[in-house]
Amino acid sequence: MNPHIQTICAHAGATPDPQTGAVSNPLYFSSTFHYKPTGEYPTGDIYSRESNPTRTALEKILAQLEMGEDAAAFASGSAAASAVFQSLRPGDHLIVNFDAYSGVRAMLRGIFIPWGLQVTFTDLSEAANLEKAIQSNTKMVWTESPTNPQMRIVDLRSLIEISRQRNLMVAVDNTFATPAFQNPITMGADIVMHSTTKYLGGHSDLTGGALVTAKRSEQWQRIRHIQHIQGAIPAPFDCWLLMRGIRSFVPRITQHVCNAKAIAAFLATHPKVDRVLYPGLSTHPGHEVAKKQMSDFGAMVSFLVKGTRQEAINITQRAKVFVNATSLGGTESLIEHRKVVEGPDSPTPDHLIRLSVGIEDVNVLIEDLKQALN
Ligand SMILES: *Cc1c(COP(=O)(O)O)cnc(C)c1O
């Protein structure tokens, strides 16, 4: 982990307020700001859809966390992704990892492909597939790594190198890796996206999204314009809550990962488990690449059970400490059968169970999985 991350997080939003000395960031609920009849607005804010001091404070932290020049906060991770896709133009071609987050796939299929975006879904964990998918009108590559929920690892450095040669922008959904363990901008990515609903918020109590840009490019100006003019912005309170969550992000994620490794090791030896999908295991096909591009492997663990879809569902039903719920990244452990949530056209296997490993005592979690599997 980059040592700066710890300091950025511990101080998130805690620059003493010059007017009051407040160490915790003030929360500005105002939707509008006084400006001069001549048109100047001396504080830099005029209307909260465009900017609000609480959101600006959050955006600064997000930019620092991903080592970018600027960041934009959104009402959800999906709103953030949507702003990126909209910054392209009808007729442009986009390449996306085929096992991307189901909401992103649904958004592309249901909204952006009818709007005129051309999209190729391909397995980007196989380097050769990227070259094969590139067309003359390709503008951007969008990928996750690890992917949700199949935990494939995409070699980001080689994907970025190929994309650079072909003049393609690269956007990385870094939600699963988190800024603690992977910083795509330092590897040459143009844009990093987060669902801040997940680890950065960390308490399953807010919905938010973020985009961080390497450079204040022309594309970034378009994205900012979409944020301002379409207004899928987070409310000041959600920005404040997210800054509060970010303060404890490092100790939380440290505990999450520690527990996840123990659980992955436990599942790997269990007779009812066919395969554990966790990049921290040396048996994972993406392990070597993950080791090169991540400083640790994150806390999402998927596994394939030996048995039918129904048997997998039964396991999730028997869990007591793991809560059967979607989403991830909160302090509490969650379990779910992804295919049930994603629907029949999802590429997720029928016998896949996804765990968001929380920060409870790890032995309690392992005991819970033991009884659920039996
Ligand atoms: C949750 C998630 C999203 C969508 O974010 P929302 O905040 O739910 O809109 C996008 N990508 C990944 C990898 C996610 O896990």
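This is a predicted model: local features need pLDDT of at least 70, side-chain atom pairs count only at pLDDT 80 or more; totals for chains, interfaces and linings use all residues.
Me: How many helices and strands does the protein have, and what makes a run count as one?
Reply: The protein has 14 helices and 12 strands. Both are DSSP runs numbered from the N terminus: a helix is H or I with at least four residues, and a strand is E with at least two.

Me: Why is the protein called as compact as a globular protein of its length?
Reply: Its radius of gyration is 21 Å, and the globule rule gives 21 Å for 374 residues, so the protein is as compact as a globular protein of that length. The radius is taken over C-alpha atoms, and the rule is 2.2 Å times the number of residues to the power 0.38. Along the principal axes, the C-alpha atoms fill a box of roughly 75 × 50 × 35 Å.

Me: What share of the contacts joins residues 24 or more positions apart?
Reply: Such pairs account for 71% of the contacts in the protein with a separation of 6 or more. A contact means heavy atoms within 4.5 Å.

Me: Why is histidine 337 called buried?
Reply: Buried means under 20% relative accessible area, exposed means over 50%, and partly exposed lies in between (1.4 Å probe, protein chains only). Histidine 337 has 4%, so it is buried. Of the 374 residues of the protein, 55% count as buried.

Me: Where does histidine 337 lie, and what does it touch?
Reply: Histidine 337 lies in strand β11, residues 334-337. Not counting residues up to four places away in sequence, histidine 337 touches Arg309, Ala312, Ile313, Thr316, Asp350 and Leu352. The side chain of histidine 337 also reaches the backbone oxygen of aspartate 350 at 2.7 Å.

Me: What makes isoleucine 313 buried, and where is it?
Reply: Isoleucine 313 has a relative accessible area of 15%, so it counts as buried. Isoleucine 313 lies in helix α12, residues 309-318. Leaving aside neighbours within four places in sequence, isoleucine 313 is in contact with His337 and Val340.

Me: Why is glycine 116 called partly exposed?
Reply: Glycine 116 has a relative accessible area of 24%, so it counts as partly exposed. Glycine 116 is found in the loop between α4 (102-115) and β3 (118-122). Leaving aside neighbours within four places in sequence, glycine 116 is in contact with Pro90, Gly91 and Asp92.

Me: What is noted about phi at serine 204 and serine 327?
Reply: Most residues other than glycine have a negative phi, and most peptide bonds are trans. Serine 204 has a positive phi of about 50° although it is not a glycine, and phi of serine 327 is near 75°, also positive. Serine 204 lies in the loop between β6 and β7 (209-213), and serine 327 in the loop between β10 (323-324) and β11. Serine 204, at 45%, is partly exposed, and serine 327, at 24%, is partly exposed.

Me: Which residues do the cis peptide bonds join?
Reply: A cis peptide bond joins serine 145 and proline 146, with omega about -5°. A cis peptide bond also joins asparagine 148 and proline 149, with omega about 5°. Proline 146 is in the loop between β4 (138-144) and α6 (156-165), and proline 149 is in the loop between β4 and α6.

Terms used: Residues are numbered from 1 along each chain as its sequence is written. Side-chain values use heavy atoms; hydrogens and water are left out. A polar contact is a pair of N or O atoms within 3.5 Å; within protein, one must be able to donate a hydrogen and the other to accept it, and residues adjacent in sequence count only if both atoms are side-chain atoms.
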